[in-house]
Amino acid sequence: MKIFTKAKLAILCPALAVCAMQSTVAQAANDQLGSYKASSTITLDGAAEAAWDKATALTVKLDNLPYKPGNYNGMQETKITMKSLYDDQYVYFLLEYSDPTKSLVRYPWQKQADGSWKQLKDKDQTGHDNVYYEDKVGIFWQIGKVRGFEKKGCDSACHMQDDDGKIAGIDQKGKAPGRKYTRRAGETIDMWHWKSVRMNPLGLIDDQFVDHIKDPKMNKNWGRHGDAKTGGGYVANINAAKNGPAFMNRTQDGLNDYTVTPAQKTTFVDTFNAGDLVPGIMSTPFTGSRGDIWSTGVWNDGKWTIELKRKLVTTGDKADIQDVQFNDLKKTYYFGVSVFDNSQINHIYHEGSLKLTFK
Amino acid sequence: MRLNTLNYQARLGLSGFLISVILGVLSAATLIGLVYSKHESGFQIPEMDKVKAKYSDPRLVGSMRTSMYKHVAEDGDIDIIAKWIDEGAKDDAFFKEEVMYIIEEDCQKCHSKSSEMSGAITSMPFSSHEDLLKYTDKGYTWTHMAKMAHIHLLGISVFLVIVSLAMAFSSYLGVIKTTLISAGWVALWLDISAWWLSKFSDQFAYVIAAAGTVEIAAVVAMSGLCLLNMWIKVPAFLLEENASD
């Protein structure tokens, strides 16, 4: 009996290991996100209410980075868990990911010991900040058909410097490690850019898109564009002398400490102590197509929880080329997701594309 | 001496080795299944077209069809690269306009001396015609083949000789022992030989697949049978007549 038990163990151990191995293989192919019909109202409050229990989660490991900024101390990898619901008008997403640091200190003004003000910035070798920035999430959606997107996801629009420091033959040394653009005219990607400082306090996502432009003379951000807007946005909070802030918030309440919002905006009056911070940016809600995705993100105990919603079908200016349209609930919608940890452009991403289907 | 007469500690140690061998070989099989399968379907039985691509196609094309397939935007891109190589891999307008576009889009982000992307392969830049020309020979280059062949032959021999000896000292019928030991070694030689011969005919890809399967099966079977022989009572019809001990 004793020998039999030992024999069983000897056979069981490799069997379990093989099962674990096969399980890992099975997980590797997990790239499907189902969107389920919501049975109750979803409130965008950054908390996963019971209604979300109906949706099956997709968890994706993000562990790739596009370049190595000299001053980047953020995450090298994280896991993002996504759920989706929909109703007659809207599609909803719940995003949750671990991030040990809540990073909101984006280019703040800081009062110096001598009474002057200094805007805090710390740029890397490419001219982008990874110290005084904000946490962000990017979601790319294929609009129509984009070469390579269904297989490679966001990577299909990613172009990095070659060994001569050029992208599409244009010198980018010290400017940008990479640029976003699609291959052909007519190929566009919807880019949902959640920004924890600039738009989260206003309950919006910065809705952008990527097209085929690869000439900085035509667009300084190459293929990246903001959606059509009728108003709103964010501008630097800087005085005419360019040596301090022009405005400030009436109160510093935690969430709104790093951007000046319309409800809080007041003329800057310097009653501050050395070391105090004042927002370096001012935000007003986008109106028009650029402001047609609503969201709320909350950081708690090392985790961001973000709820967002958008109309299944948008009708704004140029919506057909700037927004993915969920107008066929039997279709598969391809997308990719990445997380920015206090970084301007460095982001943690996954390889390949993810697939959204409506259930 | 028989396996089942070894003392408890000897059987324990040998079992640890044999279990590790089984896991290692099954891991290799899993890797092969993933590399040579359709990527959208996860782990599958390897596809012969992908095996042929690896060993008979130019290395650049073979990699695009197998291990690097996930980075290739469209299957048509592979055909364009294959056409360029078939027509002499010239540094002409087709190369500059068509081939380099695909290389820039699908490969160069990682295959660049200055790349800092996760997974960058800075030692294998694809920046020029000269860089790419190194990977246009059919199958592995002779240098790469010699390197891979000696690593596989010497590495596999080390554990195969121990598994073979364990099998030789088991209580099984001589015909079982001789068959499995011979199968392991012959399959190893056939597998490696077929790598070389596939450069001349892609039909040898079938030999690679068959020999690899036999090799894995023989090693797993010998290791498994030795474990059974050490720990449980094996049916008498499988044992040599004088193996009552």
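## Confidence of the model

Chain B has an average pLDDT of 89, with 95% of its residues scoring at least 70, and the structure as a whole is a predicted model with an ipTM of 0.75 and a pTM of 0.77.

## Helix H4 of chain B

Helix H4 of chain B comprises 12 residues, 75-86, and at 1.5 Å a residue these should span 16 Å, a value with which the computed separation of 17 Å between the end C-alpha atoms agrees. The buried residues of H4(B) are B:Asp77, B:Ile78, B:Ile81, B:Trp84 and B:Ile85; viewed down the axis of H4(B), these buried residues fall within an arc of 125°, and they therefore line one face of the helix.

The partners against which the buried residues of H4(B) pack are helix H3 (59-65) and helix H5 (93-106) of chain B, whereas the face turned away from the buried side carries the exposed residues B:Asp75, B:Gly76, B:Asp79 and B:Asp86. After H4(B) comes B:Gly88, which has a positive phi, near 105°.

## Surroundings of A:His225

Leaving aside residues up to four places away in sequence, A:His225 touches A:Gln208, A:Phe209, A:Asp211 and A:Asn219. The C-alpha atom of A:His225 is separated by 9.1 Å from that of A:Asp207, a residue 18 residues apart from A:His225 along the chain.

Methods
Residues numbered from 1 in each chain as written. Chains lettered and ligands numbered in written order. Predicted model: local features only at pLDDT ≥ 70, side-chain atom pairs only at ≥ 80, totals over all residues. Helix = DSSP H or I, 4+ residues; strand = E, 2+ residues; numbered from the N terminus. Expected span 1.5 Å × (residues − 1). Buried ≥ 20, exposed ≤ 12 C-beta atoms within 10 Å, placed from the backbone. Arc of directions from axis to C-beta. Contact = placed C-beta atoms within 7 Å. pLDDT = per-residue confidence, 0-100.
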